[in-house]
Amino acid sequence: MAGRKVPVKSVKKVGSLLSELLEIERRVSERALELFGRHGWQAGYELEHWLQAEKELLWRPCAELVETDAELRASFALAGLTAKDIEVLIEPNHLTVRAITQHEDRKEEGACHFCEFHRGELYRSMALPSTVIPEKAQGEMKEGMLTVILPKGKEPARKKIPIKK
């Protein structure tokens with residue numbers, strides 16, 4: 001890989017990821033409630049308001065997950081971000097990519113009449129089809145594409161335990 005290295009972190013505490021997801025859900029819920037209020041508290045548009053809130057607060061980039069005999073390779077289209085902007089979290093069966101995206105209007109260039117640049121939080125999380133070794137994962141950012149290589153590992157051994165009477 002010949003691009004910029006992206007730090008990859010192995011997640012030790014599952015609770016930390018869960019608390020982050022709950023915080024994201026809380027923010028989306030608050031925004032959906034604001035939209036609901038703006039539209040006169042009219043019933044029947046709850047899903048529309050929720051999806052609009054998610055769209056405003058979260059950016060879900062295009063992704064691809066490819067599996068070979070030895071590894072999984074995840075690719076994400078992240079144009080406009082650099083390696084230092086991105087955080088990659090890996091668990092044996094889960095991959096999460098996140099970043100904060102910002103865009104500032106350049107007023108010195110004139111009045112902006114149209115802008116589709118996204119501001120908010122990038123969050124993409126996926127269950128992996130095979131167990132991986134988080135400590136051996138590598139990430140690289142090159143020409144707007146993040147590639148994460150996840151070497152496969154063995155499934156954790158199952159253990160049968162006797163039950164005391």
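Reader: What is Leu 95 in contact with, leaving aside its neighbours within four places in sequence?

Author: Contact means heavy atoms within 4.5 Å. By that rule Leu 95 has partners including Ala 74, Phe 76, Val 88, Met 126 and Leu 150. Bear in mind that this is a predicted model, where local features need pLDDT of at least 70, side-chain atom pairs count only at pLDDT 80 or more, and totals for chains, interfaces and linings use all residues. Residues are numbered from 1 along each chain as its sequence is written, and side-chain values use heavy atoms, with hydrogens and water left out.

Reader: What makes the pair Phe 36 and Trp 41 edge-to-face?

Author: Rings of Phe, Tyr and Trp (its six-membered ring) pair if their centres lie within 6.5 Å; planes under 30 degrees apart are stacked, over 60 edge-to-face, the rest tilted. Here the centres are 5.2 Å apart and the planes sit at 90 degrees, so edge-to-face it is. A search of the whole structure turns up one aromatic pair.

Reader: Why does Trp 41 count as exposed?

Author: The cut-offs are under 20% relative accessible area for buried, over 50% for exposed, and partly exposed in between (1.4 Å probe, protein chains only). Trp 41 comes out at 54%, so it counts as exposed.

Reader: How do you know that β4 and β5 pair?

Author: Two strands (E runs in DSSP of at least two residues, numbered from the N terminus) pair if DSSP finds at least two bridges between them. β4 (residues 63-67) and β5 have five and run antiparallel. In one of these bridges, Val 66 partners Arg 73 of β5.

Conventions. Helix = DSSP H or I, 4+ residues; strand = E, 2+ residues; numbered from the N terminus.
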